[in-house]
Amino acid sequence: MKTLMIDMDDVITTGNFNKLIEEYFNIKIDMSKITNYFYIQEIVEKDYEGFWNYVKDKNLYEGAPLFKDCYEVLEKLNKKYDIYIVTSYLWRHAVDVSGSCLSNKYYYLKEMLPFIDQTKYIFTTNKNIMKFDIKIDDRYVNLEGAEKKILFNNWHNKNEVYDDVIRVNNWKEIEEILL
Ligand SMILES: [Mg+2]
């Protein structure tokens, strides 16, 4: 069985992070105009402490939907591949409250994708040190160490050019490639 790494944020779900930024700063984020991955940082910097104080007790995943077709395709992939969900939980700018983020991620995955064994969750920020046959992620740096690299298209990677990735827009395209 081939090993398959699947990223959580912006591949399985987007969570509620942008919603919380919009709420706290009373703004509307237009994702189509954003190309910089660190845009969150730039907005948050306007009231760094206040914002993290606001977010730290919130569950970023409460009620967040899975991406379209994610459940069905993952269920099929799970029969053919040795799947690991690999996701970062450290909030670099609020490291001390990352424990609750890890807990929220764990329970979200368990509830939303019950057919994936919980021992197959890996919580780490350093995905690039891990080797898998196939990796699916929305950040190129995390695809390092894979024979087959599948880049999940997103606003922050749309202008990047790579010659060793397969780009996908959705889970149906992943199904076509891997099944
Ligand atoms: Mg991601």
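Accessible area here is the Shrake-Rupley surface traced with a 1.4 Å probe. By that method the protein exposes about 9,700 Å², and carbon and sulfur atoms supply 49% of it. The model is a predicted one.

**Overall build**

The protein has six helices and six strands. Starting at the N terminus, their order is β-α-α-α-α-β-α-β-β-β-β-α. The radius of gyration is 16 Å, close to the 16 Å that the globule rule gives for 179 residues, so the protein is as compact as a globular protein of that length. The C-alpha trace spans about 45 × 35 × 30 Å along its principal axes.

Of the 179 residues, 44% are buried. Take the contacts between residues at least 6 apart in sequence: 62% of them join residues at least 24 apart.

Charge comes next. There are 24 positive and 30 negative side chains in the protein. The centres of these two sets lie 3 Å apart.

Is Asp 7 buried or exposed? Asp 7 has a relative accessible area of 3%, so it is buried, the cut-off being under 20%. Asp 9 is at 24% and therefore counts as partly exposed, the class between 20% and 50%.

Asp 10 sits in the loop between strand S1 (2-7) and helix H1 (17-25). Its relative accessible area is 18%, so Asp 10 falls under the 20% limit and is buried.

What does Asp 10 touch, leaving aside its neighbours within four places in sequence? Its contacts are Phe 67, Asp 138, Phe 152 and Asn 154. Asp 10 and Asp 138 are 128 residues apart along the chain, yet their C-alpha atoms are separated by 6.6 Å.

| Residue | Relative accessible area | Class |
|---|---|---|
| Asp 7 | 3% | buried |
| Asp 9 | 24% | partly exposed |
| Asp 10 | 18% | buried |

**In brief**

Note on methods
Residues are numbered from 1 along each chain as its sequence is written. This is a predicted model: local features need pLDDT of at least 70, side-chain atom pairs count only at pLDDT 80 or more; totals for chains, interfaces and linings use all residues. Side-chain values use heavy atoms; hydrogens and water are left out. Helices (H or I, at least four residues) and strands (E, at least two) are DSSP runs, numbered from the N terminus. The radius of gyration is taken over C-alpha atoms; the globule rule is 2.2 Å times the number of residues to the power 0.38. Buried means under 20% relative accessible area, exposed over 50%, partly exposed in between (1.4 Å probe, protein chains only). Contact means heavy atoms within 4.5 Å. Lys and Arg count as positive and Asp and Glu as negative; His and the chain ends are not counted. The place of a charge is taken as NZ of Lys, CZ of Arg, CG of Asp or CD of Glu.
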